Amino acid sequence: MKPCSVFAVLASLAASVAHATPEILVTALHGMQWQVRYDFTEPVTSLQFVRSPDDSRPRTWLPDQGFEILKTESGDVARRKDGAAFRTVRFRMSPTYSVLPKDYAPFSPFGDGGMLFHTGRLFACAGHCSDDESWSMDLWADDEDRILLDGKTLRARAHWTDQGEGRVVYVGKGLAQQTRDFVAVIDAALPDDIRGRLLLQLPRFMHLFSSKLGALPRRPMLFVSYDTSYAPGWGQQGGVLRDQVFTHFYGGKWPEKVLKPEFADELAWHLAHEAAHLYQRGVFDQEPGDAWIHEGAAEAFAAIAMQPQSAQFVHSTRETAASKCAELLGEKSIRDAIVAGKFDAAYKCGMLLNLTVDARIRAATGKDGLYAVWSDYLGRLSRTGAVHGEALYLEAISAVGGADTAAWLRNAVATPRWRAD
């Protein structure tokens, strides 16, 4: 072998090690700290985490003796204090809720003892991770625990390959509500009447979305966790990942809040909105001013789904949205208000716009309103690879409901001080 070939091989090996991806083992035990272990096939000198939105990891993760976690410009990095290479490192942490800025909570405890955790919080490489990185992951839980992964229920042990933003995984004894359209775990700590109403409402609107917009490649999963023991504050946080919708209620004020007559409908609306995003196939418009399309349509889909059983709540929500929309716009158009940072206009004004489109199409053509628009819109995106946004959305509306409806919408979005009829 020529010397240059030797150097090339060595350089290639060094690059491979510098970019090595560990195998990740999560050990989840009730009443104890969780443990995450990273195993490399070759020695490395550091472990760089993909997601580091704040300083909580160095403060709350306890590494093996002789290791440390440092906050750097490129994110959190773990290494041996003496700088030596290693092949394995472990961290222990308390599985408690924390609010991360612009990121998903690492743990969402259920009041009934279950736990939801975000795998993306654990992603790391020996060096900077590439955008298409993947991780081999294992989960060990108590023998009596159920693990809900990719819509399937496993017992105590699970293995999968993860990537992208990761996913949420449920560990606990809760029973999943399952239909052909979705899988849901609703915290048994929620009041029985709230939980019961949700278990009646969820199948209805999930089946509706599936029948109107087409079944998803995998059954979507919905999670609602409710932890009143959280002491630092109270609130609600959730998110949407591929095929997953989750929301977490935390803090001691919720037992009082859930007694409100409208709470069950508010929660159902929230879940319907987030589920609608799944059936929008992850289409989030790139131009900030176009956010009224996907967010407004998701709000409209929630309204349409809940109308048969909660007509008064839907009517009240629309009235509130009209008042709030006018307040948000002031002298601006909907597009300009969103661009100026009044993002709630995408929800409030966007819902009114899309519900009006739905009503106009149904009255004029007898077609399936906004469902038909989105079926056409998603079809255009799939067939043409065009950039999603207002122009393509108006094309879909024109094709389904006629040029007059598309022209009305184009004008409504651009008109200063627009008011719903």
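The model is predicted. Its largest pocket has a volume of about 770 Å³, and 30 residues line that pocket. The chain has 2 disulfides.

**The largest pocket**

- Val 240, His 270, His 273, Glu 274 and His 277 are the lining residues that lie nearest the centre of the largest pocket.
- Five elements each supply at least two lining residues: strand E19 (235–241), helix H4 (254–257), helix H5 (263–279), helix H6 (291–306) and helix H9 (344–365).
- Helix H5 gives the largest share of the lining, with 9 residues.
- By class, the lining holds 13 nonpolar, 11 charged and 6 polar residues.

**His 294**

- His 294 is found in helix H6, one of the elements that supply at least two residues of the pocket lining.

**Disulfide Cys 125 to Cys 129**

- Cys 125 and Cys 129 are joined by a disulfide, with an S to S distance of 2.1 Å.
- This distance is within the 2.5 Å cut-off, so the pair counts as a disulfide.
- The link of Cys 125 and Cys 129 is right-handed, with 120° about the S-S bond.
- Cys 125 has 0% relative accessibility and therefore counts as buried.
- Cys 129 is buried as well, at a relative accessible area of 9%.

**Disulfide Cys 325 to Cys 349**

- The sulfur atoms of Cys 325 and Cys 349 are 2.1 Å apart and form a disulfide.
- This pair links distant parts of the chain. Cys 325 lies in helix H7 (residues 311–329) and Cys 349 in helix H9, 24 residues apart.
- With 110° about the S-S bond, the link of Cys 325 and Cys 349 is right-handed.
- Both Cys 325 and Cys 349 are buried.
- Helix H9 also supplies at least two residues of the lining of the largest pocket.

**Pairing pattern**

- A disulfide is a covalent bond between the sulfur atoms of two cysteines.
- With bonded cysteines counted along the chain, the disulfides follow the pattern 1-2, 3-4.

Definitions and conventions:
Residues are numbered from 1 along each chain as its sequence is written. This is a predicted model: local features need pLDDT of at least 70, side-chain atom pairs count only at pLDDT 80 or more; totals for chains, interfaces and linings use all residues. Side-chain values use heavy atoms; hydrogens and water are left out. On a 1 Å grid over the protein atoms alone, a cavity is a set of points where a 1.4 Å probe fits but cannot get out, and a pocket is an open set with protein on both sides within 12 Å along at least five of seven lines; lining residues have an atom within 4 Å of a point. Grid points are joined across faces, edges and corners, and a volume is the space filled by probe spheres set on the points. Helices (H or I, at least four residues) and strands (E, at least two) are DSSP runs, numbered from the N terminus. Ala, Val, Leu, Ile, Met, Phe, Trp, Tyr, Cys and Pro count as nonpolar, Asp, Glu, Lys and Arg as charged, and the others, Gly among them, as polar. Buried means under 20% relative accessible area, exposed over 50%, partly exposed in between (1.4 Å probe, protein chains only).
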